[in-house]
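Subject: Structure for you to look at

Hello,

Here is the structure, with my notes below it. Please read them with the model open.

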Amino acid sequence: MKHLDNYKYHLAALFAVTVWGATFVSTKVLIAHGLTPATIFLIRFVLAYLCILPLSAKRLWAASLRDEVLLILAGITGGSIYFLTENMALEYAPASNVSLIVCTAPIWTALLLSLLYRNERMSQRQIIGAGIAFVGMVLVVLNGHFVLHLSPHGDLLALSAALLWMLYSLVVKRIADRYPTLFITRKVFFYGLLTILPYFAYEPLQLDFETLCRPAVWSNLLFLGIIASMLCYLLWNAAMHRLGAVRTTNYIYLNPLVTIITAAICIDEQIAPITLLGAALILYGMWRAERN
């Protein structure tokens, strides 16, 4: 029964990653309409927080001072600074570099947690499966263009984003046993919003009501705020609590595959044949790592 119950959490992680892979296309549409990455993040987290607040207000939880500090760290590493570093990296480095480096988060997460927690150490089968999935992810990211241009500023920012997500996984693991997922996720949204505000002193917030009223804008913002943020963060945090941070984070390898498929459907980007091989390797690697 427990084994069957775990499938729900695997499906939750798979759904979250599938949606997150599609957010790249939504973000590109919003940027094309004149919204900045910081503005997009602010609106999506405001929507997510407003949606989750009534759900979590039914029962009040109070965190200790130490745990409150950890929740602030979660809001930074899984929210404000994570999205800023990832989006700023795209200004300095090609998207293929950024996507490839950010998607190394499962590797860093596995290395850190294997040092800190005995029950998070990967077996030989899981290491091989994750390695195969990583190779497939590289092929998907490159999409037939085997050229990587080094860009120190952009690459370091992308690496920072990957390491921030690793820290987010660690923080959520540390507090998941003491508080419900709903409470943790609400705090992530709150502190993510709070810690993004100083950035607008550097880049003033510009909201054009006419732009926000365009169907392509408000529909993508609702998708990012309610589905990609509120719902997917809840599912992801619940999956990490049940399956462990390492097993859950491995699903990030599917992220570039979903992005490329979504881009092909929505904005007519081409899929190279080598990408199909990469997709097969990702699926085989994930299956090998998780099979009994």
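The largest nonpolar core has 68 residues. Such a core is a set of buried Ala, Val, Leu, Ile, Met, Phe, Trp, Tyr and Cys residues joined through side-chain atoms within 4.5 Å. Buried means under 20% relative accessible area, exposed over 50%, partly exposed in between (1.4 Å probe, protein chains only). W20, W165, Y168, F189, Y233 and W236 have the most contacts inside this core. Helix α11 (residues 215–243) supplies its largest share, twelve residues. Helices here are DSSP runs of H or I, at least four residues, numbered from the N terminus.

This is a predicted model: local features need pLDDT of at least 70, side-chain atom pairs count only at pLDDT 80 or more, and totals for chains, interfaces and linings use all residues. Residues are numbered from 1 along each chain as its sequence is written, and side-chain values use heavy atoms, with hydrogens and water left out.

Take W236 next. Beyond its neighbours within four places in sequence, W236 contacts (heavy atoms within 4.5 Å) A13, A16, V17, W20, W165, Y168, T248, T249, Y251 and I252.

D67 sits in helix α3 (residues 65–92). D67 is buried, at 5% relative accessible area. Not counting residues up to four places away in sequence, D67 touches I175, R178 and Y179.

Now the surface. L111 belongs to helix α5. L111 is partly exposed, because its relative accessible area is 47%.

Regards

Methods. Helix = DSSP H or I, 4+ residues; strand = E, 2+ residues; numbered from the N terminus.
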